[in-house]
Amino acid sequence: QVQLVESGGGLVQPGGSLRLSCAASGSIFSFYTMAWYRQAPGKQRELVAAITSGNRTNYADSVKGRSTISRANAKNTVYLQMTNLKPEDTAVYYCNAQNPFITALEYWGQGTQVTVSS
């Protein structure tokens, strides 16, 4: 069992920055693919960024160039650094851990709210 706890969300002005953190329990963190998803009101949950155990990354086009996903295996933590935030980035951001060999085996955090507004 893997438990994920997100932190770092909040209210930020357009053009501002935030760093989200996701702390994972369990010793299997290092080989899981970690990802951030987000869900805005009335919209489907969408992938924001993902990072494999080998540190390969991919990003949604909407955040490419403005966001960086990274992981610190020694701390069982994955981060999402977001810059130049826009109102359309407003959403609940969820941390996801997925077993790369058994894709149906995945875990979700409870989510953290990010609101971009002046």
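**A walk through the strands and salt bridges**

The backbone nitrogen of G9 lies 3.3 Å from a polar atom of the T112 side chain. This is a polar contact, meaning a pair of N or O atoms within 3.5 Å; within protein, one must be able to donate a hydrogen and the other to accept it, and residues adjacent in sequence count only if both atoms are side-chain atoms. The model is predicted: local features need pLDDT of at least 70, side-chain atom pairs count only at pLDDT 80 or more, and totals for chains, interfaces and linings use all residues. Residues are numbered from 1 along each chain as its sequence is written, and side-chain values use heavy atoms, with hydrogens and water left out.

T112 belongs to strand β11, residues 112-116. Strands (E, at least two residues) and helices (H or I, at least four) are DSSP runs, numbered from the N terminus. T112 has a relative accessible area of 10%, so it is buried. Buried means under 20% relative accessible area, exposed over 50%, and partly exposed in between, with a 1.4 Å probe and protein chains only. Leaving out residues up to four places away in sequence, T112 touches E6, S7, G8, G9, L20, A91, V92 and Y93. Contact here means heavy atoms within 4.5 Å.

Next comes the sheet that contains β1. It is an open sheet of 4 strands in the order β1-β3-β8-β7, with antiparallel pairing. The edge strands are β1 and β7 (67-72), each of which pairs on one side only. From one strand to the next, the twist averages 15°; axes are lines fitted to C-alpha atoms, for helices over the stretch in contact, and angles run from 0 to 180 degrees between N-to-C directions. Two strands pair if DSSP finds at least two bridges between them. Strands of a sheet pair through backbone hydrogen bonds, either parallel or antiparallel.

Strand β1 (residues 4-7) has a covered face, made of L4 and E6, and an uncovered one, made of V5 and S7. In a regular strand the side chains alternate between the two faces of the sheet.

Strand β4 has its own partners. It pairs with β9 in the antiparallel sense over 7 bridges, and it is joined to β5, also antiparallel, by 5 bridges. A35 shows both pairings: its bridge partner in β9 is N96, and its bridge partner in β5 is A50. Of the 7 residues of β4, 5 are buried. The hairpin of β4 and β5 has 6 residues between the strands, and G42 there takes a positive phi near 75°. Q44 is also found in the loop between β4 and β5. Its relative accessibility is 71%, so Q44 counts as exposed. Apart from neighbours within four places in sequence, Q44 is in contact with R38 and Q39.

What lies in the largest nonpolar core? It has 30 residues, of which L4, M34, W36, V78, L80 and Y93 touch the most other members. The elements that give two or more residues to this core are β3 (18-24), β4 (33-39), β5 (46-51), β8 (77-82), β9 (91-98) and β11. A nonpolar core is a set of buried Ala, Val, Leu, Ile, Met, Phe, Trp, Tyr and Cys residues joined through side-chain atoms within 4.5 Å. Among the residues that L4 touches, not counting those up to four places away in sequence, are C22, M34, C95 and W108.

The charged side chains come last. A salt bridge is a side-chain nitrogen of Lys or Arg within 4 Å of a carboxyl oxygen of Asp or Glu, and by this rule the count comes to 4. One joins E46 and R38 at 2.7 Å, N to O. E46, at 35% relative accessible area, is partly exposed, whereas R38, at 6%, is buried. Another joins D61 and K64 at 3.2 Å, N to O. Here D61 is exposed, with a relative accessible area of 67%, and K64 is partly exposed at 48%.

R66 and D89 also meet in a salt bridge, at 2.8 Å, N to O. This pair links distant parts of the chain: R66 is in the loop between β6 (57-59) and β7, D89 is in the loop between β8 and β9, and they are 23 residues apart. Are these two residues buried or exposed? R66 is buried at 11% relative accessibility, and D89 is buried at 2%. Salt bridges that share partners join R38, E46, R66 and D89 into one network.
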